[in-house]
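Visitor: Could you take me through one part of this model closely, beginning with a single residue and its surroundings, and then go on to other places worth a look?

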Amino acid sequence: MTGKQAQGASLTTPGPPASALPPRAVVDARTRSRHRVLPLLGQLLPLGLALALWLSSLRRVDLRGMSDLGLLSVLPLTYGAALGLVIGTLAVLIHQGSTRPVVLVAYFVLLIAILHATPAILYDSLRYAWAWKHVGVVDFILRHHAVAPRMDSPFSAYQSWPGFFALNALLVKVSGLGSALSYAAWAPPVVELLALGPLKLLFSTLARDTRQVWLALLVFYLGNWVGQDYFSPQAFAYLLYLVCLVVCLRWLPATRAGTPLPRWRRWMGETLPGQASGAPVRRRELLAVVLLLAGGIVTSHQLTPFMLVAALCVLCLGRHTGPAWLPVVVGVMTVAWVAFMATTFLRDNLYWIIASIGQLGQNTQTGFVDLSHATLDQKLVSYASRALTALVGLCAVAGWFRLRHTRQPYRVAGLLAAAPVSLLAANSYGGEMIFRVYLFALPFLALLAAGLVYPRTRRRGSATVIAALAITMSMLFCAAYYGRERANYFTPEEVAASTWLYAHAPSRAMLVGATADFPWAWTHYETYDYTFLEDLSPTERRDMVRSPIPVLGEAVTGRQGPVYVVLTRSQVDSVRYTGVLPDGAVAAIGAALEHAPGYHVVYQNRDAVIFASTQPPPGGSRS
């Protein structure tokens, strides 16, 4: 027998059967197996209990009983118990550092379900008024098999950046569904779940301690209260943005072949392109992937391409990724798309875009409720969102100071967290820029915040501290994320009123609302004109309670066709939350229209009323 034959025989010869093993060896094998199974069952037991508590909490929830604390005011204690159990167990498992990743992923999936699937399960309608508009753009593409980027309307931005809507139109057509309404309500939990993978890879690229990676994920999900995960181009572009950063940081180092990698990249087992480590990494293919993802971002959203360019500039200037021309190409793609596909949008909005440049004070103004006129509950909601943002920021700053002298690349995380701030000097983005800056900085703020504890923390009380901090964040999150649900949730009666409106209002009718907080524009939106009284001048809005009919007449001046005025319960709550109209304005409009000549009620239920007029009321002097 040759040497190779002997070696092959030794490899293929089966070992002795279990029955032939010594009794002590059999006992030891069974003991080791039991020791592996029992801890796993112990880790999964709280998961099953939390799942049972969460599902039981959704059985009887009175949505009409919501106070100004929103959904949080009607959820039972079992909901809080389920959330607390998941977070507390996660804190312990993360600190152990030896928990199987699949177990941690299971806990994060349940955490996402508890936080983001609860409204989708409880509500029988699509959450957020602006999500209904996005369904309408998909409906437009399905009916016309094209986009109209030069269409002069409030929807020109959606038509000028149609990537997300075209993709969903394809999905609706291929799946045979009648409308994106069939699945749009489930966008938040799906988006958050899809973000879990890129975030895990991103954090693993920038940190060696697995405990810090998992804790950063926990901080991210408990700190992401801004609500940009709904059915929207922003959510879609944000996912692509995260994947772009993962590819650039993990597989596109700036170092050329033949030169050594930085030490922190070698610590992560990374190799240069072309070096042997399994399958070779092909740099051209990866660059093509990045440019393809950037193309999806550029064609889908106005703001995210600029966030991506800012991040790529930071990474290339610091030689953390390459090549150096990458941000230039993405920037050219962005400018070219705006110049050739968004001409109508630019023509209608260029004046305020230019006026916003350099106006840092105005650009940081937000749509926070005016606390001087807010109820106590709404004050708590507003304070919760601010406190959660401040808590994440302070923990991130403290974590950066703690780790600034280490050899790990926390400078990259700090730079990427700061990069979105530069756009505050460029635009106000309709009063939402500061929220978007926080959203794009959040992954890196979360990683730095986790650096406040890990690595090199072996104290016994660390798990308790992490659990206490996470539970505090979860309470602030629930208040901030669920706090305005009286305006974000639409009852079946409000949806029925909207359905009636779009089934009976003739083409080219003007649809008027006190605010835009009701289901609108979700079908055939291009056949109607829209006016919202919240967009009137400050003087006209102040006069709304005293003389609503003349103000309404001025708002629809020049209209020759029928006018439909839609007033709903959610609009009343929106006015109370934002203060865009005086208190009682919606009720005053309804009372005045009941006695206004030429107006009559065409539809009414307990949550909505629709007035119609074949001739708009004349504008005139206010008494």
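Guide: Val 309 counts as buried because its relative accessibility is 18%, and buried here means under 20%. The model is a predicted one, and in it Val 309 belongs to helix H13, which covers residues 304-317. If neighbours within four places in sequence are set aside, the residues in contact with Val 309 are Pro 327, Val 330, Gly 331 and Thr 334. In the other direction along the chain, Ala 294 lies 15 residues from Val 309, with 9.5 Å between the two C-alpha atoms.

Another part to examine is the second largest pocket, which holds about 350 Å³ of space. Its lining is made up of 17 residues, and those closest to the centre are Phe 164, Asn 168, Val 190, Val 191 and Leu 194. Helix H7 (163-175), helix H8 (187-206) and helix H10 (233-251) each give two or more residues to this lining, which by class comprises 15 nonpolar and 2 polar residues, with no charged ones.

Further along comes helix H22, whose 13 residues, 492-504, reach 18 Å from the first C-alpha to the last, close to the 18 Å expected at 1.5 Å a residue.

How values were computed:
Residues are numbered from 1 along each chain as its sequence is written. This is a predicted model: local features need pLDDT of at least 70, side-chain atom pairs count only at pLDDT 80 or more; totals for chains, interfaces and linings use all residues. Side-chain values use heavy atoms; hydrogens and water are left out. Helices (H or I, at least four residues) and strands (E, at least two) are DSSP runs, numbered from the N terminus. The expected span of a helix is 1.5 Å times one less than its number of residues. Buried means under 20% relative accessible area, exposed over 50%, partly exposed in between (1.4 Å probe, protein chains only). Contact means heavy atoms within 4.5 Å. On a 1 Å grid over the protein atoms alone, a cavity is a set of points where a 1.4 Å probe fits but cannot get out, and a pocket is an open set with protein on both sides within 12 Å along at least five of seven lines; lining residues have an atom within 4 Å of a point. Grid points are joined across faces, edges and corners, and a volume is the space filled by probe spheres set on the points. Ala, Val, Leu, Ile, Met, Phe, Trp, Tyr, Cys and Pro count as nonpolar, Asp, Glu, Lys and Arg as charged, and the others, Gly among them, as polar.
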